[in-house]
Amino acid sequence: MNNIREFSWSVVFAWVILFIIGIVAIYSATQGPVSQFLPEYIQDNFYKQVIFVSLSIFILAAVQLVSPRNFIQLSYAFYAICLVLMVITLYFGTEVNGAKSWLRFGPFNLQTSELMKIATILATANYLTSRRDITAENVRYAVISVIIILIPTILVFMQNDLGTALIFLTLIPVMLFWSGLPYGVSLFIISPAIIAYLSVIEWYYGVIAAVILTAAIFFIQRRIWLSITSLITGLLTTSGVQLALTQLLQPHQIARIAAFTNPAYDPTGAGWNVIQAKTAIGSGGLTGKGFLEGTQTQLKFLPEQWTDFIFCVIGEEFGFVGAAIVIITFLFLFIRLLNMAGSHKHPFAQLVTVSIASVFFVHFFINVGSASALLPVIGLPLPFVSYGGSAFITNTLMLAICLNMDFYKRDFSIYR
């Protein structure tokens with residue numbers, strides 16, 4: 001029988017710190033001095049979040065009673081069920097902020113793409129870890145695993161939730177790399193994202209990045225065909241970004257990208273969020289303006305500051321110290337999850353833990369990057385901190401799975 005003292009309490013402690021900070025920030029954003037001017041459903045977000053956190057505590061505890069073998073045995077069935085829910089959502093879902101990602105069950109809304117994250121990780125990990133011969137010359141298994149990830153990605157994209165679709169796409173290089181795909185091929189897979197980001201800033205940055213990455217891929221992999229493909233893909237990516245910016249994207253999407261590179265382009269429109277986010281964080285100074293004292297927060301200069309811009313609330317009212325605590329806690333959580341993955345003998349547990357850590361990291365990186373104007377505003381919440389029932393419960397469930405497999409790793413290492 002496992003000793004309860006071997007349980008990863010430090011991970012639970014980090015989780016508690018994050019959701020307490022989140023509850024405090026959500027209270028400030030929804031219950032502040034001028035909250036009476038907010039719609040009632042916004043004011044209720046604080047009380048809903050408290051309920052979500054309370055429910056998640058029981059979920060985290062209950063998952064620890066489950067045998068880790070169940071995550072393997074039920075992975076494909078869970079994946080199929082979630083795909084059905086995604087299709088139902090596409091036709092019968094409720095639209096929120098332009099994304100048709102929600103299924104309504106009486107007074108509750110379920111964001112089915114959140115559950116789909118867990119299902120995709122479990123199913124892909126099960127498939128990959130039962131086939132350990134992924135190489136640069138034989139990538140058939142890798143292609144099938146990519147298809148497993150791309151199916152829900154397309155459904156999320158059709159729901160008009162581009163931020164969540166991006167999360168699914170980031171699973172491809174992470175899961176394939178950890179499963180044994182060569183370094184050069186893994187770099188090739190992620191290179192279009194790097195090139196696209198730089199091409200948004202200046203087209204020639206994308207071209208330079210394509211050349212440098214191609215040289216790196218050739219140096220690592222020594223495959224002429226892969227290097228030529230990489231260069232062609234990089235140049236096509238740069239051309240595609242430029243075509244999208246000039247011909248394909250909607251005017252509001254182009255304005256949002258232009259505001260990222262130059263917020264003064266439209267200071268009262270697309271650039272408003274970027275300017276106000278930087279103002280809020282910058283005005284917090286070292287220790288912040290104080291709880292419920294942030295002018296940007298309390299006067300509601302930022303939209304969705306209880307979700308997408310929650311980091312701005314923390315930065316303004318608790319300053320550099322508050323923001324640093326959040327960042328350090330996340331970094332500690334990422335390191336602990338990676339350490340947990342490295343301690344597993346079972347490849348399924350390794351891959352699931354690393355994939356979940358990558359999901360948390362991408363959310364964290366994009367949310368904080370958007371709030372500090374280092375990345376375009378995509379609309380991803382900060383895990384365990386931002387308001388959102390589906391996201392909070394799903395993130396807690398993913399963390400609970402990692403804790404479960406770590407706690408039972410001595411027994412789990414022999415399961416096949």
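## Close-up views of the predicted model

With a relative accessibility of 29%, lysine 409 counts as partly exposed, a value to keep in view for the last of the legends below, which all refer to a predicted model.

**View 1. The fold as a whole.** The protein contains 18 helices and three strands, and buried residues account for 52% of its 416 residues. Among contacts with a separation of 6 or more, 71% are between residues 24 or more positions apart. The accessible surface comes to about 19,000 Å², and carbon and sulfur atoms hold 70% of that area.

**View 2. The largest nonpolar core.** This core has 93 residues, of which Phe348, Val352, Leu382 and Leu399 touch the most other members. Helix H16, spanning residues 347-371, gives the most to the core, with 13 residues. Once neighbours within four places in sequence are set aside, valine 352 is in contact with Ile121, Leu122, Ala125, Ile401 and Met405. Another core, of 15 residues, lies apart from the largest one and includes Tyr79, Met116, Tyr141 and Ala165.

**View 3. A nonpolar patch on the surface.** Tyr197, Ile201, Trp203, Tyr204, Tyr205, Ile208 and Ile212 form this patch, and together they have about 680 Å² of accessible area. Helix H9 (183-201) and helix H10 (203-221) each supply at least two of the patch residues, with the largest share, five residues, coming from H10. Isoleucine 212 lies in helix H10 and counts as exposed because its relative accessibility is 55%, where the cut-off for exposed is over 50%.

View 4. Lysine 117 forms a salt bridge with glutamate 114, and their closest N and O atoms are 3.2 Å apart. Both residues lie in helix H6 (residues 112-129), three residues apart, or about one turn of the helix. Lysine 117 counts as buried, at 1% relative accessibility, and glutamate 114 is buried as well, with a relative accessible area of 3%.

**View 5. A salt bridge between distant parts of the chain.** Glutamate 316 forms a salt bridge with lysine 289, the closest N and O atoms being 3.0 Å apart. The two residues are 27 residues apart, with glutamate 316 in helix H15 (residues 310-343) and lysine 289 in the loop between helix H13 (272-283) and helix H14 (295-298). Glutamate 316 is buried, at 0% relative accessible area, whereas lysine 289 is partly exposed, at 31%.

**View 6. The salt bridge of lysine 409.** Lysine 409 forms a salt bridge with aspartate 406, with 3.5 Å between the closest N and O atoms. Aspartate 406 counts as buried because its relative accessibility is 6%, while lysine 409 is partly exposed.

Terms used:
Residues are numbered from 1 along each chain as its sequence is written. This is a predicted model: local features need pLDDT of at least 70, side-chain atom pairs count only at pLDDT 80 or more; totals for chains, interfaces and linings use all residues. Side-chain values use heavy atoms; hydrogens and water are left out. Patches are made of residues with over 30% relative accessible area and no salt bridge: like charges are joined within 9 Å, nonpolar side chains (Val, Leu, Ile, Met, Phe, Trp, Tyr) within 5 Å. Accessible areas come from the Shrake-Rupley method with a 1.4 Å probe; for residues, only the protein chains shown count as cover. A salt bridge is a side-chain nitrogen of Lys or Arg within 4 Å of a carboxyl oxygen of Asp or Glu. Helices (H or I, at least four residues) and strands (E, at least two) are DSSP runs, numbered from the N terminus. Buried means under 20% relative accessible area, exposed over 50%, partly exposed in between (1.4 Å probe, protein chains only). A nonpolar core is a set of buried Ala, Val, Leu, Ile, Met, Phe, Trp, Tyr and Cys residues joined through side-chain atoms within 4.5 Å. Contact means heavy atoms within 4.5 Å.
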